[in-house]
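Please look over the sequence and model before reading on.

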Protein chains: 2
Amino acid sequence: MTIKEIAKLANVSLGTVDRVIHKRGKVSKKTEEKVSAIIKKVNYQPNIYARGLVLNKSYDIIALVPSFVEGEYWEMPSKGIKMAEKNLSKFGIKLEILYFDQNSVPSFIEKADELIKLKPDGVILAPVINFEAAKLTKKLEKANIPFSLIDSNIPNSNALSFIGQDAFQSGKLAAKLMCSEIKAQGTISIITIKNNENHNKTLQQRIEGFKDYIYNSDFIADISLTENNIHLGSANWEECLTQACNPDNDTVGIFVPSSMIHYVAKCIESNVDTMGNIKLIGNDLIANNVKYLKKGIINYLIGQRPENQGYLALESFYKHLVLEKQVPSEKYLPLDIITQENLMYYNDDDVVSM
Amino acid sequence: MTIKEIAKLANVSLGTVDRVIHKRGKVSKKTEEKVSAIIKKVNYQPNIYARGLVLNKSYDIIALVPSFVEGEYWEMPSKGIKMAEKNLSKFGIKLEILYFDQNSVPSFIEKADELIKLKPDGVILAPVINFEAAKLTKKLEKANIPFSLIDSNIPNSNALSFIGQDAFQSGKLAAKLMCSEIKAQGTISIITIKNNENHNKTLQQRIEGFKDYIYNSDFIADISLTENNIHLGSANWEECLTQACNPDNDTVGIFVPSSMIHYVAKCIESNVDTMGNIKLIGNDLIANNVKYLKKGIINYLIGQRPENQGYLALESFYKHLVLEKQVPSEKYLPLDIITQENLMYYNDDDVVSM
DNA sequence: TTGTAGGCGTTATCAG
DNA sequence: CTGATAACGCCTACAA
């Protein structure tokens with residue numbers, strides 16, 4: 001059903017129908033009602049091609065995400081965003097990615113300022129530097145620029161859409177798998193590995209979820225927990241890590257609430273005679289982790305589809321700006337359990353090709 | 001860059017450029033080369049809106065899939081196909097679903113004939129009735145109608161695209177989880193539950209994968225396997241099922257290579273005092289299975305994203321017919337491990353809303 | 001308050 | 001072989 005046909009049905013001209021559709025006013029109440037009724041009755045859907053052709057709009061979306069070197073976690077969301085751009089550029093979605101150093105607040109501020117100056121039509125933001133990210137969202141709100149958050153959320157930020165994971169639940173899941181692997185007894189070591197001093201909410205929530213599961217399990221009596229922090233910046237971190245892996249020589253499992261578990265795996269590998277039986281559970285399918293999962297040193301990895309997160313973030317703007325559809329304000333991606341046996345179908349190069 | 005601009009650059013008219021682009025011939029070699037060179041140099045990308053507008057084509061896709069009652073497995077692929085239609089109808093993809101009774105060959109033949117008569121522009125086929133499905137693909141090939149297969153494959157069928165699972169690997173994964181749960185010793189019962197006598201390749205492959213894992217594991221010495229077939233059509237199937245669950249009173253785990261595990265779960269539930277410790281692993285997130293997973297009677301379910309399979313199948317035609325892009329000839333979806341702890345994010349109503 | 005005309009980029013047709 | 005032109009459905013300006 002076209003505007004022309006509707007016009008004929010209503011005995012008015014194209015222009016009038018158009019005014020009604022777009023609520024541009026300057027239509028008498030009577031004709032407005034008549035036309036509206038017909039539009040509703042025939043369930044008029046504008047022809048997306050014709051509209052796209054005449055509007056010929058393009059939308060500049062800027063993504064502000066952490067920089068990375070190949071194989072690091074943040075490569076994956078970036079990859080997803082880029083893949084989405086490839087699919088959506090033909091609909092007028094243009095993308096620019098700005099990278100900031102997640103260990104440097106000034107770097108974030110600099111890029112955030114640059115972003116604001118570019119006056120984009122939409123922003124994808126990874127708020128890993130919480131406080132500064134929140135400031136940026138305020139500015140964006142004031143400037144009326146819609147933004148989507150990926151990875152972690154800023155509650156009450158009025159984001160167009162949040163796309164991420166439930167980190168608490170991710171920790172619970174890790175604990176469940178751990179208990180299942182270690183037959184629910186022994187000492188479990190939680191090791192946090194970071195290269196900065198920033199507070200990382202995601203890691204914290206994963207640890208809380210992990211403990212929550214253990215504390216509420218039937219077999220808590222048979223389990224001990226130890227916690228350690230390793231700073232990759234410190235001179236003797238390797239020593240510290242080795243020490244943290246098996247402090248009292250009775251460790252049965254290690255949980256690392258981040259993608260950094262490959263450091264632990266490497267450590268275990270070179271001490272396989274004393275620590276070869278320790279079960280390892282970590283997060284994220286980065287190349288280094290996958291390597292040790294294949295070797296059987298890491299037992300489980302938990303994934304949260306970071307490529308999808310990126311893809312969906314850009315797609316949220318396509319839906320919002322191009323299709324003018326409502327987009328869900330929150331999207332929690334599934335927590336995937338990855339083992340040697342199902343790795344191959346997750347590690348696929350086009351996980352987001354849907 | 002538009003055709004007009006290219007025409008200007010090449011000092012020819014729009015028509016000539018168009019002829020070169022679409023290889024319609026009737027262009028002198030010299031101009032053809034000149035125009036081609038420019039097209040390549042400027043990386044001309046046709047405006048999808050203008051093209052869509054003028055072509056104003058619509059494509060009738062017919063899906064031929066098993067009928068279902070609410071809550072059965074085949075509801076999920078259908079749901080995915082329909083969701084894809086909702087998103088893609090605006091691009092001219094029209095869908096009709098024909099349902100056949102998977103327990104009745106004549107029903108399939110009837111619907112297949114109907115399908116052929118409708119002369120669709122594309123077909124989505126679930127080849128659960130193997131032999132007849134293969135016949136249909138031959139007819140479609142002869143009629144030059146592209147088709148995509150979902151759920152299971154027909155090798156060498158020249159399908160546009162196969163979208164499904166690796167059933168063998170799914171079985172291996174189930175075995176791995178089972179061994180992990182039962183501490184790798186005891187008697188494991190494989191129970192096949194069907195309501196027909198048809199050969200089901202998928203079930204067979206899952207069982208083979210399951211056994212393959214067990215046979216090649218280090219602890220095979222500590223494991224016994226029993227196999228049972230239950231026919232839901234038979235008068236005393238409930239009795240048979242109870243018997244199959246724990247024949248020698250030493251069963252520690254039950255594997256059901258299909259979505260039918262809820263029958264086993266129900267049986268276990270009503271014999272919880274004698275069989276409450278048996279670990280259950282099955283397939284597919286249908287409502288009945290989810291219920292028992294939540295209750296903790298089923299320990300793991302393995303999912304293969306049936307909604308996605310449906311979605312991707314219809315999308316493959318959008319990509320092929322509308323965007324004229326190459327589509328991957330095979331797509332194996334990940335084998336998801338579902339437990340109580342990550343169920344909520346898989347059981348989401350819009351898993352395919354990407 | 002209403003109607004009309006021109007144009008978006010592409011395709012297809014028709015006349016040269 | 002080549003060029004001009006109408007049409008697709010919608011939007012916007014401008015005319016009435």
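In β11(A), A:K331 is the bridge partner of A:I163. Strand β5 (residues 161–164) of chain A and β11(A) run parallel and are joined by three bridges. This is a predicted model, in which local features need pLDDT of at least 70, side-chain atom pairs count only at pLDDT 80 or more, and totals for chains, interfaces and linings use all residues. Residues are numbered from 1 along each chain as its sequence is written, while chains are lettered from A and ligands numbered from 1 in the order in which they are written.

**Sheet and helices of chain A**

- An open sheet with parallel pairing is formed by six strands of chain A, in the order β2-β1-β3-β4-β5-β11.
- β2 (93–100) and β11 (330–332) of chain A are at the edges with a single partner strand each, so one side of each has no neighbour in the sheet.
- Neighbouring strands of this sheet are turned by 15° against each other on average, direction ignored.
- Two strands pair if DSSP finds at least two bridges between them; helices (H or I, at least four residues) and strands (E, at least two) are DSSP runs numbered from the N terminus.
- Helix α14 (residues 306–322) of chain A lies across β1, β2, β3, β4, β5 and β11 of chain A, and runs at about 165° to β4(A).
- Angles run from 0 to 180 degrees between N-to-C directions, with axes fitted to C-alpha atoms, for helices over the stretch in contact; contact means C-beta atoms, placed from the backbone, within 7 Å.

**Two copies**

**Surface near DNA strand D**

- DNA strand D is surrounded by 26 residues, the closest being A:T2, A:A50, B:S13, B:G15 and B:V54; near means a C-beta atom, placed from the backbone, within 6 Å.
- α4(A) gives the largest share of this surface, five residues.

**A:N246**

- A:N246 lies in the loop between α10 (237–245) and β8 (251–255) of chain A.
- A:N246 counts as buried because it has 20 C-beta neighbours inside 10 Å; the cut-offs are 20 or more for buried, 12 or fewer for exposed, and partly exposed in between.

Key:
Two residues are in contact if their C-beta atoms, placed from the backbone, lie within 7 Å.
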